[in-house]
Amino acid sequence: MASPTPPTPHPPCPVTGEPATRLVQWVSARFLIDLWRYTLKVDVRPSFKGTRRFGLWESPTGLYFFDPMLQGDAGFYTSLYARLNIRHYPREGHPRAEFRLAARHVAEGAQVLDVGCGFGAFRHEVRHARYTGLDPHFSGEPGSDWARIETLTDHLTSNAGAYDVASAFQVLEHVEDPVGMLTDMVRAVRPGGTVIIGVPHVPAAHTRIPNYLINAVPHHLTWWTKDALLAIAGRVGLVNLRVETAPWADVDGLVYWMERCSPVKCRDRHYRHSWAWHASALFGFLAGWVMWKIKPVPKTRDEGASLLLVAEKPAG
């Protein structure tokens, strides 16, 4: 009689280090490679480093995370952002709702460091502050006086404690070491300074869209909950913790309508090679696009577009 297959060990939560509570599903690396290639014409094989499959796990905080956690390399992001339409990114006059929530916590004349700033959309909401955007992959146009094309670790070499506010919107979910990143953000602010984090969450509309690539490794490595945000903030020593839900804005309303229009709604499985799932995702996108053009800002009481953590570095 063949011996039973030993159970798969549960990997540690990237926030608390505790073992994951359950396996949500296995996802074939081959399937994701093909999905990225045919949907967005992006080659993720260098980022996957020969990995054959990924586990999507849930931690005791409710955080979902992929294992192994392999973030996209520079080539991946260069290809991805060349494919996506810049007009659909947050920009002047079309901010994420979380930007406006965050701006309320930025005082007049404050020094702001926006980590993973992309095209610097948050700076338009904090014109009353002194803004510095940081992004190793791209930062606005060449020569922008607000942009620094470097990593946070490199920037801290000569700028530790130089800021009143450090923010990161839709960035923490991209990194293999979220605790390390948040630790560096705490180092960036002075004692008593403010740290602001915006993340995608679960459950939410984007987690119910079948085969939703933006949520997949090597792009999003983690899907967050309020408990996970409170846990990571406590782990790095932040105090006066507040977590808010950001409502939908026009720049992310398409995701809301894609979920509403998709015949398939994901629950305990999020990625599957099924023609019904592929067709549902395509129909959801096309019908959702039409609805988004008609009603760009959804009026709803669902889980919202994202979560926003606002916390402080101890003043002592």
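This is a predicted model: local features need pLDDT of at least 70, side-chain atom pairs count only at pLDDT 80 or more; totals for chains, interfaces and linings use all residues.
Which residues of H7 are buried?

View 1. Ala228, Leu229, Ile232 and Ala233 are the buried residues of H7. These residues span an arc of only 130° around the axis, so they lie on the same side of H7. An α-helix has 3.6 residues a turn, so residues three or four places apart point the same way. The cover over the buried residues of H7 includes H6, E8, strand E10 (239-246) and E11. Gly237 follows H7 and has a positive phi, near 90°.

**View 2. The largest nonpolar core, with 38 residues.** Met185, Ile197 and Trp224 touch the most other members of this core. At least two residues each come from strand E4 (111-115), helix H5 (152-159), strand E7 (163-169), helix H6 (178-188), strand E8 (189-199), helix H7 (226-235) and strand E11 (306-312). H6 gives the largest share, 6 residues.

**View 3. Surroundings of Ile197.** Leaving aside residues up to four places away in sequence, Ile197 touches Ala168, Leu172, Leu182, Met185, Leu229, Leu307, Leu308 and Leu309.

**View 4. Another core, of 28 residues, apart from the largest one.** Its members include Ala29, Ile33, Tyr64 and Trp223.

**View 5. Helix H8 (residues 253-261).** Of the 9 residues in H8, 8 are buried, so the helix is largely enclosed by the rest of the structure. The buried residues are Gly253, Leu254, Val255, Tyr256, Trp257, Met258, Glu259 and Cys261. They pack against helix H9 (275-294).

Technical notes: Residues are numbered from 1 along each chain as its sequence is written. Side-chain values use heavy atoms; hydrogens and water are left out. A nonpolar core is a set of buried Ala, Val, Leu, Ile, Met, Phe, Trp, Tyr and Cys residues joined through side-chain atoms within 4.5 Å. Buried means under 20% relative accessible area, exposed over 50%, partly exposed in between (1.4 Å probe, protein chains only). Helices (H or I, at least four residues) and strands (E, at least two) are DSSP runs, numbered from the N terminus. Contact means heavy atoms within 4.5 Å. The arc is that of the directions from the helix axis to the C-beta atoms.
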